[in-house]
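Let's take a walk through this one together, a stop at a time. Have the sequence and the 3D view open side by side.

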Amino acid sequence: MATQGPGPLQQLLLLFLVSGASGASSAALDAAPSLGRGQSSSPSAAPGQSASSPGLRGNLTVLSGKASLTTGWSGHASSPPVRDGTAGPLQVPSGWSIPRGAGGPLSVLVGAPISLHLAPAPALGPPSPLVVWRRGRTVLAAGTLGIEDSPPSLAPAYQARLRFDQATGALELRQAELEDSGHYTAEVIHAGRERELREVTVRVYEPLPQLAVIPADPVTEEGATALRLRCVGARPGQGQLSWSQDGRPLGAESGDGDGSARLRPDGIDLVIARPKRTDQANYTCRVQSPFGARQATTAVTVLYGPDPPVITISSDQDESPAHYVSVGSNVTLRCNAASRPPAELSWSLADPREAAVPAGPRLLLPGVGPAHTGAYACLAANPRTGLRRRGLLNLTVAAPPPGSPRCSLQGSPGDRSLLLGCTWPGGVPGASVQWTGLPRDVPAGPAPSSLLVSVPAGPQLSGVTFTCLGRHLAATRSCSVTPKAPQEVLLKLETDGSRSSEALVTLEATGCPPPARVSWAREGRPLAPGGGSRLKLSPDGRRLLLGNFSLDHDVGNYSVLCSGALGAGGDRITLTGPSISSWRLQPSDGAAVLTWDVERGCVISGFEVQARTERPEAGAIGLSGGAWTSLLLLGPRERSAVVILPSQPPGPWKLRVLPTLGGQPGTPSSSQSYRAGFILSPGAIAGIVLGTLLGLSLLAALLILLGCCACRLRGNYKKKPMIFPPATCTPEKTQNVTPVGTPQPALNGFATEPSPTWACPVVVPSQVSAAKGAPRTVRAATQV
């Protein structure tokens, strides 16, 4: 069959396609009438719609630097035919593009040919199909297949490099350039049929270059304006350029949340805005294409610091050295300042007397004392950045105040309030004191070292305890006071027991607790101690001291008055010379026991136990001569003594007790006689007499009983023997009858019948001879 040449309409279409004008592409095609089947026109698509066609299946191959495209139909799908005269641009419906999983863009190196084939080739007719190749909106070639007389139309700008195959409809573009990248579309037009579209994307790449990053291994400082890294050798068209930081990809929005992205690509550059210490890393630029990948890496160093130094403290004795360290402990200070490069560290001490201060991160303070208290500074310097920073630490060396807080209680003038005082001086640093238990309206502190508060007086405060808390870094201690009203005020007398010629007499008022005040009087007149007189008062006023007590001037009536905000009370005492009110002498185991009493108010500094013999020897002196001789010297509190008298001279003796005051003898006691040897006590004598009388009474009763028994036995021998039948005797107190058994022979030939304790036993012979000499048994009856 002869091939039919192009009709007039086809020639007109070719004229529009190859005219070279950019606006004569799709508009001309859409304006041209389409060929219908059997010379009849077919309905076309509505304006603005693209003609539908079967789906495409593409397969790309590259052989020896020559790229080719093979396209084919995967099937036919019914779609409305293209209507003549549509004015819209050519569109590809969904599903006609090459799926990325099955194929992709055609990659071509610069200089290699681009070969695009239609597979399967369109049917040659009749009528012969028209094939139009475009890149984007530019028509590259158009020609009728199978008609050699009608050469294809080629775009003038590409005519030297283009070749159109009229047998298969293939298009070849020699010496590919970067500008040849784009979207290629093949439109196959059959007379009387719908149009067919086949498309592919072509990408042209340059060969991969050698890359380098400049500056190489840059060094910057934290907070600088910006650091720009350039990937030298990378150009557009070589492939995809990307940056990474230590292997982590960097995108257009890479940053750290500090406003806009600090790390951002800028063409072939990477910009690091306001570098931070965390930006120090290895940065890599990478160019990747379908033909391989190239990359280059540089190390970025970010200098920073030093940061403000941080000082830490440790102690070998304290659990919380950050608050305080104990005196005498070994303290270590450590300084740390973040810096690149590491900072140079030095110290500034609180003690200016320390001449040599070591450099380095550690400072040792052995055996710290109060002089080590103060501020310690760590100086950090970065030699690269030139920055210097200073860190401070206040070291507190603690030593608690000695002892415990001291509490005081006194009344205010006019006894309207109570003054509570608390003080705890000393310590490093000073302690604070605070009262507890006070009324709500009274300020309780705390205050440094000492505190005095005023509490309104009232009877309800008697017996209430107030506590003062002393707080120190190293210790917490307390003291308490309890105000009480005067109760049972009593004067107690004490005398110094020294043997000197001067006697010290003390009167102490008891039952007069603070805040009561004490006032003294003698014979009703107030005393004014002090001023060089012999009268003195203790600091609290509760003890009156009478120095060098005189029996001529200091005896008399003394009184004390205890008065204060909570009440009043008093007592009086009469001071007299030394004397003995009563005494007793009692012998005991070869010694004499003396006891004595003295009256209240009797001023005595000691006692002497004296003795003398009642039979003095002629011409003898001392004890043998009959003079009173002191045997014992006792203190003023003694009230008894045991005296063992010598065997020579022999007694009897006279004993007495002599009270003394200093070197002055008082009035001696009366004397009593004592005889040496064993002397029974009155109780022992009474016991002996009673025992003797009781023994004599028992002996007399026994003699009377024996006499009665003898008289009865003698009367029985004189009378005729009788056989006593068994009989019972009813005593007054009982009705019981006790049978008598056969008596057992005794050693003396008699048998004693058992009887109650109050019955007198009757003794009878065991055997009684009859008149004719025959023995007879006798039954003994006992009266109960």
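In which loop is A565 found? A565 sits in the loop between β42 (556–564) and β43 (567–575). A quick word on those labels: helices (H or I, at least four residues) and strands (E, at least two) are DSSP runs, numbered from the N terminus.

Before we go on, some ground rules. This is a predicted model, with local features needing pLDDT of at least 70 and side-chain atom pairs counting only at pLDDT 80 or more, while totals for chains, interfaces and linings use all residues. Residues are numbered from 1 along each chain as its sequence is written, and side-chain values use heavy atoms, leaving out hydrogens and water.

Back to A565. With a relative accessible area of 22%, A565 is partly exposed. Here buried means under 20% relative accessible area, exposed means over 50%, and partly exposed is in between (1.4 Å probe, protein chains only). Setting aside neighbours within four places in sequence, A565 is in contact with D415, L418 and A457, where contact means heavy atoms within 4.5 Å. L418 is 147 residues away from A565 along the chain, yet their C-alpha atoms are separated by 7.5 Å.

How many of the residues in β30 are buried? Six of its seven are, so the strand counts as mostly covered, buried being under 20% relative accessible area. β30 has strand partners to look at, and two strands pair if DSSP finds at least two bridges between them. Strand β29 (residues 406–411) runs antiparallel to β30, joined by six bridges, and Q410 has L419 in β30 as its bridge partner. β29 and β30 form a hairpin with five residues between them; in the turn, G414 has a positive phi of about 85 degrees. β30 also pairs with strand β33 (residues 450–456), again in the antiparallel sense, over seven bridges. There, G421 has L452 in β33 as its bridge partner. Keep one general point in mind as you look: in a regular strand the side chains alternate between the two faces of the sheet.

Zoom out for a moment. The protein chain has three helices and 55 strands. Buried residues make up 37% of its 784 residues. Of the contacts in the chain with a separation of 6 or more, 60% are between residues 24 or more positions apart. The chain exposes about 43,000 Å², with carbon and sulfur atoms supplying 54% of it; accessible areas come from the Shrake-Rupley method with a 1.4 Å probe, and for residues only the protein chains shown count as cover.

Next, find an open sheet of six strands, ordered β3-β11-β10-β5-β6-β7 with mixed pairing. Its edge strands are β3 (106–109) and β7 (153–154), each pairing on one side only. Inside the sheet, seven bridges join β10 (residues 182–189) to β11 (residues 196–205), and the two run antiparallel. E187 stands opposite L197 in β11.

What about the nonpolar cores? Such a core is a set of buried Ala, Val, Leu, Ile, Met, Phe, Trp, Tyr and Cys residues joined through side-chain atoms within 4.5 Å. The largest has 25 residues, and those with the most contacts inside it are I114, L116, W133 and V202. Elements giving two or more residues to this core include β3, β5 (130–135), β10 and β11. W133 touches L116, F164 and L171, among others, not counting residues up to four places away in sequence. Apart from this core lies another, of 22 residues, among them V433, F466, C468 and C479.

C231 is in strand β14 (residues 226–232), and at 0% relative accessibility it counts as buried. Among the residues C231 touches, beyond those up to four places away in sequence, are L211, W243 and C285. S289, in strand β19 (residues 281–289), is buried too, with a relative accessible area of 10%. Leaving aside neighbours within four places in sequence, S289 is in contact with Y205, L208, Q238 and G239.

Finish with V689, which lies in helix α3 (residues 682–718). Is V689 buried or partly exposed? At 44% relative accessibility, V689 counts as partly exposed.
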